[in-house]
Every structure is written in structure tokens, then in C-alpha cells.
Amino acid sequence: MLTVHHLGKSQSERIVWLCEELGIPYELKHTVRDPKTMLAPADYKALHPIGSAPVITDGDLVLAESGAIVEYIIAKYGDGRLALPASHPDFAQFLYWFHFANGTLQASMGRLMILNRLKLTPDNPMLIATKARVDRAFDLIEARTREADYLAGKEFTAADIMTGFSLTTMRYFQPYDLGRRPNILKYLARIGARPAYRRAMEKGDPGMALLLT
């Protein structure tokens, strides 16, 4: 039985959302963050040597890394749905945006979050450079959502699931004003209206306000 070990307010929401979009059976085991540290408790960290979310178990398999988990579930349980084949005209766009999510966007936001916690002065070169990198990432998404309904093109894919966390829940940890990003806001409205997204968020983080604006 596929089991999704979901840590509240974490990248593991991607996996819950994916399973809901695919309509596949899975068991959801929910873990709440430590209220003082906001980190995963010890029993969650013990699931996998890397000690972070997300984690799935599937029989004897224990798998971490959201990108790897998404690909695994799509290949094994989703019959390739929500991924684009190499023959598809938007295949390269799908690949780019699928990997952009963690390779650039989430990594840059995470770096900025850590730097902000260090209380650096506003003129710190590392802080300035990191803020600029985050802005460039959002600039690119703004441009893409101006020309396409979804990141890969006309079709909703796993690239949108991968990116959705960083544009929404991640802003609880690293705030980002989307006021100057009208196309991202329209894109998030489309994402937020998906029944599978609503089900996933209610199951994974019931009562949490969704940062779709």
C-alpha cells in the first residue's frame, strides 16, 4: 500500500495533491510540526536518512525527494498521466518547469529565508544577490503564465504540482508579495479551483489558509 507521510506545511503537500489528481488509493499519515521549533518531530526524521519531507513508503520501499516521488508515482500508479511524453510538442517545457521548481525557485526561496533569519543588513551583497535571484525566478513564472495557462503549456501537469508549493505554502516561511504579478495570481486562481487541490489541502493541512493571492 502506498503511504504518504505528510508533514504539515511542507513540500509533501505535492504528493498528497498528486495522488488526488491521479485518483489513486493511498494512505495518508499526517505529522504536525513541533510548535516551538516548527521542525519535523524525531519520528518523522527517522523515516529516511535525509530526515526531511516528503517521504513515501510502498511495501519495503522508502523514498524521499519530492521530484523523485512524483516521478515514481506517475510511472508506477499513474500510467504516465500528468507527465508529457518525448513525442509531445511541450515535452521540453514540461521538463524545464518540473525541474525549475526545486532546482531554482524553491532553492532560491529557501536560501533567502535563511539569510533573512540571520538579520543581515539590507546592503549585504549575498542578501541582495539572493533577493535578485528570487525576483528573476518570479519574473520568469510571470512571463510564462502570461503566455500559457499552465507551465508546460495548455495542459495541467506535474510541473504545476511541483511549483505550486513554492508559490503558495512556502510563502508562510518566506513571504513574497504577488501584487505585481497579475499573471501568477490568475494562474494560482486556476490551480486553486481544482477539486483535487482543494481535497489535498483539506486532507493534508485542514484549516490552513491557502496563500493563493
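Start by selecting helix H1 (residues 13-22) and helix H6 (residues 158-167); helices here are DSSP runs of H or I, at least four residues, numbered from the N terminus. Axes are lines fitted to C-alpha atoms over the stretch in contact, and angles run from 0 to 180 degrees between N-to-C directions.

This is a predicted model, where local features need pLDDT of at least 70, side-chain atom pairs 80 or more, and totals for chains, interfaces and linings use all residues. Numbering runs from 1 along each chain as its sequence is written, and side-chain values use heavy atoms, without hydrogens or water.

Now show side chains: Glu13, Arg14, Trp17, Leu18 and Glu21 of H1 touch Asp160, Ile161, Met162, Gly164, Phe165 and Ser166 of H6 (contact is heavy atoms within 4.5 Å).

Next, pick H4 (residues 91-117) and H5 (residues 125-147). They pack at about 150°, axes 9 Å apart, and are therefore roughly antiparallel. Residues that meet include Trp97 and Phe100 in H4, and Val134 and Phe138 in H5.

Keep H4 on screen: H4 gives the largest share of the largest pocket's lining, 6 residues. That pocket holds about 620 Å³, the space filled by probe spheres set on grid points joined across faces, edges and corners. A pocket is an open set of points on a 1 Å grid over the protein atoms alone where a 1.4 Å probe fits, with protein on both sides within 12 Å along at least five of seven lines; lining residues have an atom within 4 Å of a point. To find its centre, select Ser10, Gln11, Arg33, Ser52 and Ala53, the closest of 27 lining residues.

Key
Helix = DSSP H or I, 4+ residues; strand = E, 2+ residues; numbered from the N terminus. Parallel < 35°, antiparallel > 145°, perpendicular 65-115°, else oblique.
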